[in-house]
Amino acid sequence: MIGRMYGLAIASQAQTTSKTLMELVSAADGVTLLERVYIKQTSFDTSENLGSTFQRITTTGTGTATTPIPFQVGDPAYGATPETNSTIEPTYTASTNIIEEGFNVLSGLLWTPANDDEVIVMSPSALFGINLDVAPSGSMNFSYGCTLREIGG
Amino acid sequence: MKHDPRRYSMPDVVRGKRFELRAGEQKVVVDHLSKGIYPAPPDQLRARFRFDKAYVLMGRHQLELTTPVAHKLGFALATNGGAALYLGGVVLFEVGGERYSLPGESAIQLGGVLLKKVDRADDWQRDHPRRRVAT
C-alpha cells in the first residue's frame, strides 16, 4: 500500500439546512486521494430525498477543525486540517462539480470510485467540499465522513 | 510547527516543481509552465498497470515505468497540475522529445490515477515475492 490512510468521521450531528458538511484540504507537500464518502441519517424515520455535491473549492469557508484519524496506529498525523459542519460557506470553484448524487435519508449515501480512473485527486493545498445541497424538511441527525489516502507529506 | 495552508492564500502555497528523469539520451520531464506553447495531446492519456509495472498510455505511445519511478512521476504530475490549476498555465509533460501540454485538472487526475496504479503494481509485487522484478 502506498500512502497513509485516514478516516474523517462525524457522528450524529443535527442538520437543519443545506450546507457544506466537509471541507477537505490536502497537505502543502502531499497529494490526497479521496477514496470513500458516506452520509447517513440516524434520527428521522420518514422517507425523504436529499442530495449532495462534491466540488472543488477556491476559497475556504469557516467550520469546525476536525482531525482525520490514521487507520494504522503510529502513522503520523494528517498533514492538514479539514473542517466540518461549515458555518460560513466556502466559495466553490465554478464548473468543478464532480459528483452530484441524490439519496433517501433512510438509506443514506455511500460513494466510492467505480475504478481507479474515478478516484478524486487533490493536489497540494487543494480544497474540496462535500455538501448537503438540499435542505432537510426538519432537524435530522447525520453521521458522515470520508476516507483519505495521503501520499507524500 | 506543522504547516497550515489555511494561513495563506491558495496561490502562495501551491507551487510546481520541475521533475526530470534521464536515462542516456532519453528523458521524462514534468513542469509547470505559466503559458502553454505546445500542442495539446493528440489522444487520450491513461495510466494503467500490468504485473509489476505501471504504464502511461499516450495515443500510440506507451511509457513503461517501475513502481518507484511511476510514484515520482505521478506525484510530480499531481503537484504541477495543482500549480497550473491555481496559478494558471499548463503542465509540460515531455517524454523522449515529444511534448504534451496538459490542463491542470488533467495532470492532477493522471497523476493521481498513476499513483493508484503504482499501488496495484506494488500489491502484485508483494503477491509474487519469488518473481524477479525490476528495481
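The following legends describe close-up views of a predicted two-chain model.

Residues are numbered from 1 along each chain as its sequence is written, and chains are lettered from A and ligands numbered from 1 in the order in which they are written. Because the model is predicted, local features need pLDDT of at least 70 and side-chain atom pairs count only at pLDDT 80 or more, whereas totals for chains, interfaces and linings use all residues.

**View 1. The contact between chain A and chain B.** Chain A contributes 19 residues to the contact and chain B contributes 25 residues; two residues are in contact if their C-beta atoms, placed from the backbone, lie within 7 Å. On the side of chain A that touches chain B, β3 (30–41) and β12 (140–152) of chain A each supply at least two residues. Strands are DSSP runs of E with at least two residues, helices are DSSP runs of H or I with at least four residues, and both are numbered from the N terminus. This side of chain A comprises 12 nonpolar, 5 polar and 2 charged residues. Ala, Val, Leu, Ile, Met, Phe, Trp, Tyr, Cys and Pro count as nonpolar, Asp, Glu, Lys and Arg as charged, and the others, Gly among them, as polar.

**View 2. The elements of chain B.** Chain B contains 3 helices and 7 strands. Read from the N terminus, the order of its elements is α-β-β-β-β-β-α-β-β-α. Of its 135 residues, 41% count as buried; a residue is buried if 20 or more other C-beta atoms lie within 10 Å of its own, exposed if 12 or fewer, and partly exposed in between, with C-beta atoms placed from the backbone. Among the contacts in chain B between residues at least 6 apart in sequence, 64% join residues at least 24 apart.

**View 3. The helix pair α2(B) and α3(B).** The axes of helix α2 (residues 67–87) and helix α3 (residues 104–127) of chain B come within 7 Å and cross at roughly 160°. Axes are lines fitted to C-alpha atoms, for helices over the stretch in contact, and angles run from 0 to 180 degrees between N-to-C directions. α2(B) and α3(B) are therefore roughly antiparallel to each other, a term for angles over 145 degrees. The crossing of α2(B) and α3(B) is left-handed, that is, the near helix is turned anticlockwise from the far one by less than a right angle. The contact of α2(B) with α3(B) has 14 nonpolar, 9 polar and 2 charged residues.

**View 4. The open sheet β3-β4-β5 of chain B.** In this order, 3 strands of chain B form an open sheet with antiparallel pairing; two strands pair if DSSP finds at least two bridges between them. β3 (45–50) and β5 (61–65) of chain B stand at the edges with a single partner strand each, so one side of each is left without a neighbour in the sheet. Neighbouring strands of this sheet are turned by 25° against each other on average, direction ignored. Strand β4 (residues 53–58) of chain B is joined to β5(B) by 5 bridges, and B:V56 has B:L63 in β5(B) as its bridge partner. α3(B) packs on the sheet, touching β3 and β4 of chain B, and its direction makes about 5° with that of β3(B).

**View 5. The six-stranded open sheet of chain A.** The 6 strands follow the order β5-β7-β2-β11-β4-β8, and the pairing is antiparallel. At the edges stand β5 (62–65) and β8 of chain A, each with a single partner strand, so one side of each is left without a neighbour in the sheet. The twist averages 30° from one strand to the next. Strand β2 (residues 19–25) and strand β11 (residues 127–132) of chain A are joined by 6 bridges; the bridge partner of A:L24 in β11(A) is A:F128.

**View 6. Strand β1(A) and its pairings.** β1(A) pairs with β12(A) in the antiparallel sense over 10 bridges, with A:C146 in β12(A) as the bridge partner of A:L8. β1(A) also pairs in the antiparallel sense with strand β6 (residues 69–70) of chain A, over 2 bridges; there, A:G7 has A:I69 as its bridge partner.

**View 7. Two serines of chain A with positive phi.** A:S12 lies in strand β1 (residues 4–15) of chain A and has a positive phi near 30°. With 13 C-beta neighbours inside 10 Å, A:S12 counts as partly exposed. A:S95, in strand β8 (residues 91–104) of chain A, has a positive phi of about 60° although it is not a glycine. A:S95 counts as exposed because it has 7 C-beta neighbours inside 10 Å.

Note on methods: Angles under 35 degrees count as roughly parallel, over 145 as roughly antiparallel, 65 to 115 as roughly perpendicular and the rest as oblique.
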